[in-house]
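Open the model in your viewer and keep the sequence panel beside it. The stops below each give a selection and then what is found there.

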Amino acid sequence: MSEWWVYIVRCGDGSLYTGTTTEVTRRVRQHQAGQGGAYTASHRPVRLVYAEAATTRSAAQRREARLKGWPRARKLAFVAARARHA
């Protein structure tokens, strides 16, 4: 059983992109190379700012949807709070 991850990257223009994957490092490298999706390909460079483990793909996708529904200010505060505790 593979572990799933929800992650947030900060794009070169300051925007945030949220996604799911089974391998965060590989996925961020794909985004950085312009192969991770249309949005991040045109907003490089990207930098990983948050990653959270999930036990199933379904759980990761639910969490991704929840995070994507948050207003930008809430996402920024969330990422900043996690960075302070890292």
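Start with the aromatic side chains: the structure holds 4 aromatic pairs. Rings of Phe, Tyr and Trp (its six-membered ring) count as a pair if their centres lie within 6.5 Å, with planes under 30 degrees apart called stacked, over 60 edge-to-face and the rest tilted. Select Y7 and Y17, a tilted pair with 6.5 Å centre to centre and 45 degrees between the planes. Y7 lies in strand 1 and Y17 in strand 2, so this pair ties together parts that are 10 residues apart in sequence. Helices (H or I, at least four residues) and strands (E, at least two) are DSSP runs, numbered from the N terminus. Y7 is buried, at a relative accessible area of 1%; buried means under 20%, exposed over 50%, and partly exposed in between, with a 1.4 Å probe and protein chains only.

Next select Y50 and F78, an edge-to-face pair with 4.8 Å centre to centre and 70 degrees between the planes. Y50 lies in strand 3 and F78 in helix 4, so parts that are 28 residues apart in sequence are tied together by the pair. Both Y50 and F78 are buried.

A word on the source. This is a predicted model, in which local features need pLDDT of at least 70 and side-chain atom pairs count only at pLDDT 80 or more, while totals for chains, interfaces and linings use all residues. Residues are numbered from 1 along each chain as its sequence is written, and side-chain values use heavy atoms, with hydrogens and water left out.

Colour the chain by pLDDT, the predictor's confidence in each residue from 0 to 100. The mean for the chain is 94, and 97% of its residues reach 70 or more. Confidence is lowest in helix 4, at a mean of 92, and highest in helix 3, at 98.

Switch to cartoon and select the strands. In what order do the 3 strands of the open sheet stand? The order is 2-1-3, with antiparallel pairing. Two strands pair if DSSP finds at least two bridges between them. Strand 2 (16–21) and strand 3 are at the edges with a single partner strand each, so one side of each is left without a neighbour in the sheet. From one strand to the next the twist averages 20 degrees.

Zoom in on strand 1 and strand 2, which pair in the antiparallel sense over 6 bridges. I8 stands opposite T18 in strand 2, and the bridge partner of V9 in strand 2 is Y17. The hairpin of these strands has 4 residues between them, and G14 there takes a positive phi near 90 degrees. Most residues other than glycine have a negative phi, and most peptide bonds are trans.

Stay on strand 2, where 5 of the 6 residues are buried. Select G19, which is in strand 2 and buried, with a relative accessible area of 2%. Leaving aside neighbours within four places in sequence, G19 is in contact (heavy atoms within 4.5 Å) with W5, V6, Y7 and E64.

Helix 4 lies across strand 1, strand 2 and strand 3, running at about 80 degrees to strand 3. Axes here are lines fitted to C-alpha atoms, for helices over the stretch in contact, and angles run from 0 to 180 degrees between N-to-C directions.

Select I8, A54, A60, L67, F78 and V79: these have the most contacts inside the largest nonpolar core, which has 13 residues. Strand 1 (4–11), strand 3 (46–54), helix 3 (57–68) and helix 4 (72–84) each give two or more residues to this core. A second, separate core of 6 residues includes Y7, V24, V28 and V46. A nonpolar core is a set of buried Ala, Val, Leu, Ile, Met, Phe, Trp, Tyr and Cys residues joined through side-chain atoms within 4.5 Å.

Finish at R44 and P45, which are joined by a cis peptide bond with omega about 0 degrees. P45 lies in the loop between helix 2 (38–41) and strand 3.
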